[in-house]
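Here is a short briefing on one protein chain. Look at the sequence and the model first, then read on.

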Amino acid sequence: LELLFGMLDQDKSGTIDARELADALRRRNADLGFSESIERSVSFVAAFDEDGDSKLSFGEFKEFLETVLEAIGVTFHELAEFLILQNLFSEDPDPVEELVGKLAETEINEAVKEESEMFRALEDPRMVNLFALFDKDGSGEVDFPEVALGLYQLTENMEDAAKTAITVLLMMDEEDTRTLDYPEFTNLILHIVHASGRKFEEMADDMTLKMLQDKELSEEDRENLIAGNVAYEAIKLVEEEAEAMDILQYGRMQKLFESWDKNGDGALDFSEILSGMRKWQGAMAMEESVERAALAMIGFDEDKDQKLDPVEFAKALLAFSKAAEIDVHEVIDFMVVTSVMEENSPEEEAYIKAISKQATADIKEIEDMLEQHGIE
């Protein structure tokens with residue numbers, strides 16, 4: 001272990017920093033790119049850096065290796081022998097990459113520091129408690145009103161709180177769910193803490209106390225909250241429309257829509273959506289396909305005509321690709337190919353035709369009920 005540690009500790013400082021670990025990772029895996037090796041090493045060092053110096057001491061390195069061994073199921077001697085041989089006999093590192101790594105050492109260590117702080121904050125019971133105080137409905141996520149109300153408790157200024165809530169949701173909502181999950185919320189709190197020039201440990205108790213006071217809203221505060229929510233929803237709507245219009249410019253999108261639009265009326269009804277989905281996801285049980293087709297109709301039929309026009313269909317594809325974390329253009333390409341190459345059986349098409357009228361009526365009933373209750 002000491003021999004391995006000494007080989008990785010290139011500057012003989014008694015610690016291994018992210019740049020040195022990244023170099024070892026590239027020796028271990030020749031296919032690993034420079035940027036990816038840096039990203040991985042930053043995460044590794046941040047996860048095991050207990051004293052906050054943005055480096056791995058001998059003890060921290062030992063704990064890191066023990067975790068790796070447990071994950072890959074090999075003994076220390078097997079791994080150490082392999083790594084030592086790799087470092088001894090692998091090609092010398094790219095001099096350009098080495099120079100870039102040394103020049104960026106300060107930035108790399110700063111990235112380790114930030115990620116390490118994030119790891120500690122995520123595990124801090126006070127952060128968990130603060131998230132629970134923001135998350136009024138206990139859903140495990142905080143939406144615009146919850147973020148704005150929580151920030152109001154901390155700042156006592158609803159106008160500023162609403163504006164900040166809009167900004168952070170647009171910036172930090174990585175999955176585009178219009179909510180912040182716990183890691184995204186933690187990132188928000190750390191940004192607030194950094195802006196004050198203090199540490200979370202110094203502000204946690206004070207922030208919790210302010211949240212527990214649960215100040216009442218004035219009429220003006222309520223108006224600012226509502227106005228902020230309307231502004232946020234309007235911004236998201238414009239973003240979605242722009243994304244949908246961008247997809248509609250993609251050549252294969254038009255081909256896909258036309259291949260699904262069997263009657264050529266410029267919109268997809270329930271039977272056309274279900275038929276297209278069966279070609280694309282034929283291995284899925286028919287009952288599940290029916291359910292997904294109905295949900296797509298209910299979720300994206302904005303004008304409530306029980307059909308999806310091209311823009312509504314584009315939004316549905318966008319939502320699916322984001323949920324699946326797949327580029328929407330790849331989804332469209334695949335769906336175009338399956339639409340051409342695959343054919344539903346006569347029995348499937350007959351079943352789709354038989355249930356479509358009743359399914360469309362059921363969808364209309366659900367849409368009407370949701371509209372009556374003010375649910376979009």
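Predicted model: local features only at pLDDT ≥ 70, side-chain atom pairs only at ≥ 80, totals over all residues.

Residues are numbered from 1 along each chain as its sequence is written, and side-chain values use heavy atoms, with hydrogens and water left out.

**The whole chain**

- The protein has 19 helices and two strands. Helices (H or I, at least four residues) and strands (E, at least two) are DSSP runs, numbered from the N terminus.
- Of its 376 residues, 40% count as buried. Buried means under 20% relative accessible area, exposed means over 50%, and partly exposed lies in between (1.4 Å probe, protein chains only).
- Take the contacts between residues at least 6 apart in sequence: 63% of them join residues at least 24 apart. Contact means heavy atoms within 4.5 Å.

**Helices H10 and H13**

- H10 covers residues 158–172 and H13 covers residues 219–248. Their axes come within 8 Å and cross at roughly 20°. Axes are lines fitted to C-alpha atoms, for helices over the stretch in contact, and angles run from 0 to 180 degrees between N-to-C directions.
- H10 and H13 are therefore roughly parallel to each other. Angles under 35 degrees count as roughly parallel, over 145 as roughly antiparallel, 65 to 115 as roughly perpendicular, and the rest as oblique.
- H10 passes H13 in a right-handed crossing. A crossing is right-handed if the near helix is turned clockwise from the far one by less than a right angle, and left-handed if anticlockwise.
- On the H10 side, the contact residues include Met 158, Ala 162, Ile 166 and Leu 169. On the H13 side, they include Asn 224, Gly 228, Tyr 232 and Lys 236.
- By class, this contact of H10 with H13 has nine nonpolar, two polar and four charged residues. Ala, Val, Leu, Ile, Met, Phe, Trp, Tyr, Cys and Pro count as nonpolar; Asp, Glu, Lys and Arg count as charged; the others, Gly among them, count as polar.

**Helices H16 and H19**

- H16 spans residues 286–300, and H19 spans residues 346–372. Their axes come within 10 Å and cross at roughly 40°.
- That angle makes H16 oblique to H19. The crossing is right-handed.
- H16 brings Met 286, Val 290, Ala 294, Met 297 and Ile 298 to the contact. Among the H19 partners are Tyr 351, Ile 355, Ile 363 and Leu 370.
- The contact of H16 with H19 has eleven nonpolar, no polar and two charged residues.

**Helix H15, an enclosed helix**

- How many of the eleven residues of H15 (residues 270–280) are buried? Ten are, so H15 is largely enclosed by the rest of the structure.
- The buried residues include Phe 270, Ile 273, Lys 279 and Trp 280.
- What covers the buried residues of H15 includes H14 (251–260), H16, H17 (310–324), H18 (328–341) and H19.

**Two buried threonines**

- Thr 338 lies in H18. It is buried, with a relative accessible area of 8%.
- A polar atom of the Thr 338 side chain lies 3.0 Å from the backbone oxygen of Met 335. A polar contact is a pair of N or O atoms within 3.5 Å; within protein, one must be able to donate a hydrogen and the other to accept it, and residues adjacent in sequence count only if both atoms are side-chain atoms.
- Leaving aside neighbours within four places in sequence, Thr 338 is in contact with Lys 279 and Trp 280.
- Thr 208 is found in H12 (residues 200–213). This residue is buried too, at 12% relative accessible area.
- The Thr 208 side chain reaches the backbone oxygen of Ala 204 at 2.9 Å.
- Beyond neighbours within four places in sequence, Thr 208 is in contact with Asn 129, Leu 130 and Leu 133.

**Loop residues**

- Glu 156 sits in the loop between H9 and H10. It has a positive phi of about 65°, although it is not a glycine. At 53% relative accessibility, Glu 156 counts as exposed.
- Asn 157 lies in the loop between H9 (144–155) and H10. It is partly exposed, at 30% relative accessibility.
- Asp 214 lies in the loop between H12 and H13. Its phi is positive, about 50°, although it is not a glycine. Asp 214 is partly exposed, with a relative accessible area of 47%.
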